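Dear colleague,

Please find the structure below, together with its sequence. My notes on strand pairing, aromatic contacts and charges over rings follow it.

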Amino acid sequence: MQVSNVNNVKIYNLSYGKSLPQWLSDRKKRALQKKDVDVQRRIELIQDFEMPTVCTSIKVSRDGQYVLAAGTYKPRIRCYDTYQLSLKFERCLDSDVVAFDILSEDYSKLVFLHTDRYVEFHSQHGHYYKTRIPKFGRDFSYHYPSCDLYFVGASSEIFRLNLEQGRFLNSLQTSATEHNVCDINPVHQLFAAGTIEGKVECWDPRVRNRVALLDCALSSVTENTEVDGLPSVSALKFSGALNMAVGTSTGQVLLYDLRSSHPLLVKDHYYGLPIKSLNFHDQLNLVLSADSKIIKMWHRDTGKIFCSVEPQTNINDVCVYPNSGMLFTANEDPKMNTLYIPALGPAPRWCCFLDNLTEELEENPESTIYDDYKFVTRKDLENLGILLQTFLTDSLQVACAEAVLFISIFHVKTMTNPFAYEEYRKDKIRQKIEESRAQRVQLKKLPKVNKELAIKLMEDGEHEAQIGSKKKGKATTNILSDNRFKMMFENPDYQVDEQSEEYRLLNPIVSKVSQKRRKKLQQLVQMEEEEELEGRASSDEESSDDDKSWVEEVREQRRLLRLEERNRKMKERERKLLDRNTDLQDPRFYQIKAGEEFRSFGDMARKQKLQKASLEERLKLEERSGIMNLNDTAVGSKQLTFTLKKSDKIRSQQQAERDHHEERRKLRRTAGHLHSRGRGRGRGGARRHF
């Protein structure tokens with residue numbers, strides 16, 4: 001259970017907390033309830049009060065005993081019995097539910113409007129009847145005196161279905177193109193429909209004539225509101241005989257008195273989201289308006305905010321339990337939220353124990369959301385010795401330099417280490433000893449990166465200090481402590497590569513000095529590991545090198561570089577030559593085209609090799625084989641002769657054609673004895689021989 005305080009109004013989210021998986025056995029569920037604190041504090045008011053994926057709408061029966069919810073996936077309707085605090089039945093449907101209504105006092109008569117234009121009726125035992133409306137529906141209302149169902153949707157007509165006669169009646173012809181919502185006044189049975197143009201049409205069911213038209217889109221634009229696009233009516237709700245609330249798609253709520261065409265009050269949610277649900281709370285004279293992000297409760301007369309609820313997931317529908325302070329919300333989440341606000345009213349009689357529970361919580365002034373948490377800093381975490389990765393997913397949420405830590409984990413240090421004072425005393429003594437040692441012996445700490453370069457800079461600084469060059473000594477020693485060069489001794493990307501060509505040419509004497517530096521590096525590492533540094537001194541014997549020995553070093557390095565480059569080029573040339581002269585060794589697959597004669601794999605390999613060869617290589621190869629002759633003339637090599645070798649299939653086809661023509665030539669007979677008398681059919685009437 002989560003407790004929040006908004007505008008000095010306590011809001012209890014009874015559905016907050018971990019939900020146990022359905023596939024767990026009863027034994028494992030009981031074991032988790034004993035071990036897990038979150039599961040112990042979870043209040044499961046109604047058992048299995050959730051949907052597989054999403055809940056789209058939720059309603060309460062008029063007798064207050066049953067809570068019905070429609071959701072997906074798969075499309076289904078679930079009925080919960082509040083007296084038993086459990087699921088009563090579940091029925092799967094053929095398609096998703098757009099809207100549904102309860103016609104009886106209990107669950108015995110239900111009507112569902114589906115997305116595929118079907119209207120489905122359910123009785124107490126289950127499915128009863130199914131029919132279809134001409135256009136896609138979006139909402140419907142039931143007129144009790146005449147037993148008529150009014151359907152509005154993607155049409156200018158309002159369809160009427162009489163449940164007593166079992167047939168459709170004449171539709172109501174409107175001036176709108178489409179309708180979004182509708183509602184019927186429970187007192188005088190006035191029917192109102194909200195259009196996509198931002199208007200509300202009011203009809204009298206007795207005479208089937210329109211009696212009023214409200215332009216809500218124009219009235220929603222005020223000085224303090226900003227509207228993007230044309231506001232359409234997205235929610236509609238009557239209260240009493242004279243009051244009506246209209247919600248727009250741009251996030252405004254308009255309160256009307258039916259005796260006036262101008263709104264009494266315009267309330268803006270300031271989110272720009274369509275209003276999805278409107279409810280009235282008559283005891284406190286409040287209006288409950290909800291969009292997909294927030295539920296706002298405000299006074300009907302002044303528009304002042306009473307309190308607000310912002311769930312973690314988007315809201316699809318809100319249902320207020322009659323004469324109580326309990327709310328049910330259908331969300332874009334499997335879990336349906338149950339909110340209890342004692343300031344709105346008492347708890348329902350089937351869960352009257354909530355009043356005692358909330359009274360006990362209100363008596364304790366320290367009961368807040370972060371009652372079991374403590375704000376700590378990173379330094380506190382380091383002192384506690386707790387790793388951030390261990391508790392990050394469970395009870396630690398790091399935000400910048402602060403964190404929220406579970407209070408039981410915060411006391412881990414006290415429980416596991418009762419001798420904390422002794423450790424604190426030893427740390428203080430150790431700090432005093434280190435301060436005294438620092439006055440006598442300065443410990444040289446080497447960086448993690450470029451240790452040899454750091455040793456060289458230290459040696460140069462000491463040498464310059466000895467010879468008296470103070471300016472140069474300061475410049476060399478400050479490099480190690482200067483923040484501008486800090487990354488050179490911390491980032492591994494700045495590590496000096498001793499095997500590179502530039503290093504070997506620009507630092508010819510590094511090979512001679514490296515041995516001495518390595519010895520000194522080993523000594524300094526040993527000095528850092530030792531606790532007592534007194535009496536330690538290096539006894540290295542420095543050997544004098546020749547002043548001009550670096551010249552031979554440079555020459556030797558250049559000779560080695562040239563030799564390495566020559567060997568690299570030779571290996572590259574040998575590899576290319578080997579690739580060019582390599583025969584077919586590994587098994588390969590070749591594609592034989594239609595009409596092409598297959599001779600051998602060697603022939604196919606030669607063809608593929610010839611395709612990859614350059615034009616010059618092809619010409620030389622063809623000239624050697626005698627297929628092509630090039631004759632040099634005065635104007636250049638312009639003459640080209642070649643012969644094409646035909647395949648056996650083409651030669652056999654040509655031979656068959658020649659035999660056929662020869663046979664037809666022998667069988668052909670003359671038609672000279674046939675001639676036309678007089679004027680023939682052809683042009684000119686001349687004698688023709690066929």
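**An open sheet and its edge strands**

V97 stands opposite H114 in β8. Strands β7 and β8 (residues 110–114) pair in the antiparallel sense over 5 bridges. Strands here are DSSP runs (E, at least two residues; for helices, H or I, at least four), numbered from the N terminus, and two of them pair if DSSP finds at least two bridges between them.

Please note that this is a predicted model, in which local features need pLDDT of at least 70 and side-chain atom pairs count only at pLDDT 80 or more, while totals for chains, interfaces and linings use all residues. Residues are numbered from 1 along each chain as its sequence is written, and side-chain values use heavy atoms, with hydrogens and water left out.

The order β7-β8-β9-β10 describes an open sheet of 4 strands with antiparallel pairing. Its edge strands, each pairing on one side only, are β7 (97–102) and β10 (127–132). From one strand to the next, the twist averages 15° (axes are lines fitted to C-alpha atoms, for helices over the stretch in contact; angles run from 0 to 180 degrees between N-to-C directions).

**Strand β2 and its partners**

Strand β1 (residues 2–6) runs antiparallel to β2, and 5 bridges join the two. V6 has V9 in β2 as its bridge partner. The hairpin of β1 and β2 has 2 residues between the strands, and N7 takes a positive phi near 60° there. β2 also pairs with strand β29 (residues 337–340), in the antiparallel sense and over 2 bridges; here N13 stands opposite L339. Of the 5 residues of β2 (residues 9–13), 4 are buried (under 20% relative accessible area; exposed is over 50%, partly exposed in between; 1.4 Å probe, protein chains only).

**Aromatic rings and charges**

The count comes to 10 aromatic pairs: rings of Phe, Tyr and Trp (its six-membered ring) with centres within 6.5 Å, called stacked under 30 degrees between planes, edge-to-face over 60 and tilted otherwise. Among them is the tilted pair of F140 and F151, at 5.6 Å centre to centre and 35° between the planes. Because F140 lies in strand β11 (residues 137–143) and F151 in strand β12 (residues 148–153), the pair ties together parts that are 11 residues apart in sequence. Both F140 and F151 are buried. Ring pairs also link F49, Y80 and F328 into a cluster.

Two charges sit over rings (NZ of Lys or CZ of Arg within 6 Å of the ring centre and within 35 degrees of the ring normal): R91 over F89, 4.2 Å from its centre, and K130 over the face of Y118, at 4.6 Å from the ring centre.

With kind regards
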